[in-house]
Amino acid sequence: MKAFEYAVAKNEKGIHTALARGYTVKAGGIDLLDMLKERIAKTDKVVSILGVESLRGIRETDDHIEIGSLATLAELADDPLVAGLAPSLADSVRHAATPQIRAVATVGGNLCQRPRCWYFRSRDHHCLKKGGSSCFAVEGDNTYHALFGPGPCHIVHPSNLATALRALEGEVVVAGETEKRTVSAADFFAMPDRRMYAENTLEDGEIVLAVRVPKAVGGNAYVDLKEKQSFDWPLASAAVAQVGGRWNVVMGAVAPVPWFAKEASEALREAGGIDAGVAARVADAAIAGAEPMSRNAWRLKLARAAVRRAVLLAAGKEID
Amino acid sequence: MKVDNDVALENRLSRVDALLKVAGAAKYASDQYPAKMIYGKLLRFPYGAGTVKSADADAARAVPGVLEVEIDLAETAKYPGWVIGHIVAENRAAIGDAEEAAALAFDATSAASVADRQYDGAGALDAEAKQRVDDVLGRSAAVVEGTWRTQVQTHSCLETHGTVVDFHGDSADVWGNSQSTFSMLDMAEPLGIDRSAVRVDNEFVGGGFGSKFGIGAEGRLAAQMSKKYKRPCKVMLDRREEHLDAGNRPGSIQYIALGAGEDGRILGGRIDGVSIVGFGRGGGGVTNLGDKRFDNYDLGAYEFTQSEINLNFSKPRAFRAPGWPQAVFALEGAVDELAEKLGIDPVEMRRINYRSARRHKQLGIGAELIGWNRRAPTGSQTGRVRTGFGVAGAMWPVWNTECGAEADIHRTGQVEVRVGVQDIGTGTFTLVTDVAAHELGLDRSLVRGKVGRSSYPQGPGSGGSQVSRAAAPATTHAVRAALADLTKIVAKEWKMKPEDVGYSGGVFTGGAKTLEWRKACALMSGDKITASGRTETGQEGDGTSDCVQFAEVEVDTETGIVRVKRIVAVHAAGVIVNRITIENQICGGVVQGLSYALFENVRLDPNTGAMVNPEFINYKLAGPVDIPEIVPVLDVEEGDTGVRPIGEPATIPTAAAIGNAIANAIGARVRELPMTPERVLAALDTKGAGT
């Protein structure tokens, strides 16, 4: 790892002061330190924001559950308020990574983590995301790459939490030095044609303060399917949630952003009830528009299974 | 020499070094920080093949703290990880900065990264051999024919390869993590000193699995740089290097055609084994299938052919039962398919065909413990989640190796035993301690077993599962010799003949006299008595370490995801010394076999030839949640002699048993490792039975 200057921010203002001076934000440090060790990320100034109390905690407002960006994945998984209203959110992080990582990794860091694409993570592959001219996954080993989206970069978004947040019509509260804004999860994550060098729409100098989930949420469920049950990213995942009476079906690990399945969501909204047949039809609709790559079409079956199961679980039904 | 059951001392005490290890007090090579130490790192080519296009060595040399940068622009790299130079620096950060400053650019040329592109079926047989195969298959009541594939697996030692060398001009101290303490004396060559002037400390080794013999490129660099700069030098591989160039198990493509009679007896056929190996040979391939000594089965009349496919990948190294898990996965799968065709239960099929009577008995034990009677007929289940049971067996030859040992009995009553073997995590410290404590009838707290230094009497390297078998009797002999010397002192004190003095359980007796251990020790005039013992090589007729393993799995037919629920592992263990360490070795072998069966895979990019997963996120190792209940069963019989090999047999049949259980569950066979959801779904598709 390259040596870096290390600063500690005590409050939000301190974070912005550091950002203005070119510091890179470190929360749990899970992803950033990996990237620095591999010399994929380059910075000579790091500011720790772990001591900023205002970014901690999970609280209830009139309309929302608000989760501070420094809440850990373990805190989110164990929070009774979240478990009661939005179990899908807790389930999306409950088995992520390892217990040690969940105790340290933060909600903000999880949403902003960089892709796990093995070409992106390799110093020896100068891919599109690093300013190169081609996506190595297209002709290479794309087993774990995107099933949806036109490219030109074919990563899958690495955050399971993002998938659940998107289905719950969550929002991300972000703040720059002078301005604070709230952006929907739908707009927070960005496809590569919009943002090649990032996976979200944060502007320079902006940080995530919190995420919010509406309390007007009905049935919701999150399902992921993993090759390995310890410390693995999903082959496919799905979150299904009813928000303000409207069903949303979102798939994870299948596209560069949490993938809102429009036809599937509409099919579910129009179904007027959920049974095994409806779940199967919704699942079929979810994968209908896929554009799999040379080695990953088999994962459509897992995406379909994840949606089917999430639909049934969101309706309080057992998986048959 | 024959070792009798009188070294038997089965106990369930924890490892003698358990506290040292959990408390971080066990110092591995990477924990050594001698004063003024410098660091070395090998520079490596990242792609399948090619050359260095450009490098700015001067910029790298200009990085503060850098002592030396060498980049070989003329080198033609032949695999990812190929050494193209090195950096030496005062600290590790400077090495990274120098590597970045060097701005290495490469010309990649085309590389062989996909074995199947080079495979065009089983090799041709001559007309006579072909006729023999046709004849035997022709008169068979059932024939199975198919091609099995296994992947390349890396050793994935928790502690990466590495060495610290401190050269003193005419001698050197070496801290290593070798499976062979004495092979580290090879350091003498790059250091230009006599082997006897090299002192090796190899006490703690974080796993080896066959990959840690000799000094390696990393040890050679540490030696050269320590000599050059007259300072201690450390070279530890990082995880990427460890995957790329520190050993691997060759992959395989195995064509099998076997026929069996109505009665289930295998009549013969042919086996064609292709080893998928990296640059250069080694690692056993799957050649063991043709070796009659290692026959799992009586295969009747069969033709065996073998060849190799070379990939642009690093040289294989011996890997826990080299060649075996590959061969057994294919063969035990084929036998299961034959049984299925003949309507014979897989356990019965093995009773009919296994050579070993010992294994026949083990089949009964395992079948009962796994609940084999719950096994539904193959393909009969219709639910989404289906349960399957499978069995597979293996054996391991028993070798007797030369091994020396030295025992001290101190005036204080303390005992120390030194054996020049090493503990690669298997429990050798514990074995030596417990054998000595038992032999003397003393509490373990009085005894200290020591291994892993070149100053001790030489013993074998940790290969072939021979260390425990050799170290146990060597320890016994050394301790007996030391006890005989102490007995003489007691006899002299009592004015008796030594043969009239008895000893048992820490008490000397002679006529009506008795003398407790510590008081007897206090009689010696010096500080200690030292005696040595050894075992010799060449004992024949000690049989084999046979085993069978049973697996219970659940397969989700909608996702192809396999969960292993339970493994019962029945192993001929010979004389049991410490039950915890032997059960731990069996469980470890099963875990490594399960990980091989379902997850691990070296993935080479089909275009650049780079390994895309040289880390532990995408090179998938079984984690805690993936590991099922494992039931180790130690099969001990009257007349078993000596401590038997367990490290290697424990990992051989696991993948085959899991593969057979999957086939039983879903009625379709996955003939390729790892048995991923993708391949399980494909097998279900082929059968047309997917949900």
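Visitor: What is a salt bridge here, and how many Å lie between N and O in the one joining B:D272 and B:R270?
Guide: A salt bridge is a side-chain nitrogen of Lys or Arg within 4 Å of a carboxyl oxygen of Asp or Glu. In this predicted model, the side chains of B:D272 and B:R270 make such a contact. Their N to O distance is 3.7 Å.

Visitor: Are B:D272 and B:R270 buried or exposed?
Guide: The cut-off for buried is under 20% relative accessible area. Both B:D272 and B:R270 are classed as buried.

Visitor: How far apart along the helix are B:D485 and B:K488?
Guide: These two form a salt bridge, with the closest N and O atoms 3.7 Å apart. B:D485 is partly exposed at 26%, and B:K488 is partly exposed too, at 47%. Because they are three residues apart in helix α12 (residues 467–494) of chain B, their separation is about one helical turn.

Visitor: Which residues are joined into one network by salt bridges that share partners?
Guide: Salt bridges count by the 4 Å rule, and over all chains there are 75 of them. Some share partners, and the network they build is A:D284, A:R304, A:R308, A:R309, A:D320, B:R384, B:D556 and B:E558.

Definitions and conventions: Residues numbered from 1 in each chain as written. Chains lettered and ligands numbered in written order. Predicted model: local features only at pLDDT ≥ 70, side-chain atom pairs only at ≥ 80, totals over all residues. Heavy atoms only, no water. Buried < 20%, exposed > 50% of the residue type's maximum accessible area, 1.4 Å probe, protein only. Helix = DSSP H or I, 4+ residues; strand = E, 2+ residues; numbered from the N terminus.
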